[in-house]
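Me: I would like to go through the terms used for this model one by one, and to see for each how the value leads to the word.

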Amino acid sequence: MKIIKNLLAIVGLVSISGLFIFAVQSPVGKDIKPEQKIENGYNIYALKIPEDLNFADEPLPLSIPDVYERMDRELLVNTYWQSNALLMFKRAQKYFPVIEPILEKHGIPDDFKYLAVIESGLTNAVSPAGARGIWQIMPATGRENGLEVNDNVDERYHLEKSTEVACKYLLQSKRNLGSWTLAAAAYNAGNAGISRRLKEQGVNDYYDLLLGEETGRYMFRIVALKEIMTNPKTYGFNFEDNDLYANIPTFNVVIDKEVPDFTAFAQEYGINYKILKIHNPWLRETRLNNKSRKEYVIEIPEKGHYSNN
């Protein structure tokens, strides 16, 4: 009898739990119309994929089943990874105004700013392979394109200069491969890598290629972030302008000599070393060697934006 009572208790608990879960997750309740959401609840919905998705005005062939499924995956992953997506909205307000005019100057579609989003999350990331900065530039690529890369100064962390290098690479890729979509994919897999796979597989389009996991997801991730960040309300993201990160105004100080102590240098301008490095992450050490008397431009935040200046 005791065993029967215990079994009945367990069955009852499971039944009640099931009703509770259904009530929370279901968008339809006794007094709620099908088109309404439950207020103050957390609900998971399948996403409708827009029919006109494109990258740089090059459409995605969503009629191909695997293309549809891969796009669906990235929209779901990036929509429901809410904390990460919100950080992208916040950082974009700070960095897109720097990136956008440089892309425009080089005639590169504005959509490429979302490539920077998936490369680094708009942070000065460091990859296991040695790529660094918002555009994730390798040391050799940086040096080949005029960046100074050493222990003292690493201009891969300089947003304007690294964006210029990324533009040069993308323009060359577009000339080599013929489409902006393939040029973007080549940013991940290299021009030679994409060219080789196109030839091996006898196709001329990214969406017809069989690729490894990372490059195979690459364009879909870019398009997903573009779609979500362009239409935040559609995907359930709610924020106001003052929730986003500010781009602190700065003025430039030109240096053409050695700086033996950046802590003292920062204090001359009413800031501390930490703030100096936030605005000049390409300065990698506490001093600037500069034996060649090269000109460097150091950004200093205007007064009133930090408590100690």
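Reply: Contact here means heavy atoms within 4.5 Å, and helices (H or I, at least four residues) and strands (E, at least two) are DSSP runs numbered from the N terminus. The model is a predicted one, in which local features need pLDDT of at least 70 and side-chain atom pairs count only at pLDDT 80 or more, whereas totals for chains, interfaces and linings use all residues. Residues are numbered from 1 along each chain as its sequence is written, and side-chain values use heavy atoms, with hydrogens and water left out.

Me: Which residues meet where α3 and α4 come together?

Reply: From α3, Met88, Phe96, Ile99, Glu100 and Leu103 are in contact with Lys113, Tyr114, Ala116 and Val117 of α4. These residues divide into seven nonpolar, no polar and two charged, where Ala, Val, Leu, Ile, Met, Phe, Trp, Tyr, Cys and Pro count as nonpolar, Asp, Glu, Lys and Arg as charged, and the others, Gly among them, as polar.

Me: Why is α3 called oblique to α4?

Reply: Helix α3 (residues 82-105) and helix α4 (residues 113-120) pack at an angle of about 135 degrees, with their axes 9 Å apart. That angle makes α3 oblique to α4, because angles under 35 degrees count as roughly parallel, over 145 as roughly antiparallel, 65 to 115 as roughly perpendicular and the rest as oblique. The axes are lines fitted to C-alpha atoms, for helices over the stretch in contact, and the angles run from 0 to 180 degrees between N-to-C directions.

Me: How do you know which backbone atoms the side chain of Ser120 reaches?

Reply: A polar contact is a pair of N or O atoms within 3.5 Å; within protein, one must be able to donate a hydrogen and the other to accept it, and residues adjacent in sequence count only if both atoms are side-chain atoms. The side chain of Ser120 reaches the backbone oxygen of Ile134 at 2.7 Å, and a polar atom of that side chain lies 3.2 Å from the backbone nitrogen of Leu122.

Me: Why is Thr79 called buried, and what does Thr79 contact?

Reply: Thr79, in helix α2 (residues 65-80), is called buried because its relative accessible area is 3%. Leaving aside neighbours within four places in sequence, Thr79 is in contact with Leu47, Ile228, Tyr235 and Phe237, while a polar atom of its side chain lies 2.7 Å from the backbone oxygen of Leu75.

Me: What makes the phi of Asn290 worth noting?

Reply: Most residues other than glycine have a negative phi. Asn290 is not a glycine, yet has a positive phi of about 45 degrees. Asn290 is found in the loop between α11 (273-279) and β4 (296-301), and with a relative accessible area of 6% is therefore buried. Ala56, in the loop between β1 (54-55) and β2 (58-59), likewise has a positive phi, near 55 degrees.

Notes:
Buried < 20%, exposed > 50% of the residue type's maximum accessible area, 1.4 Å probe, protein only.
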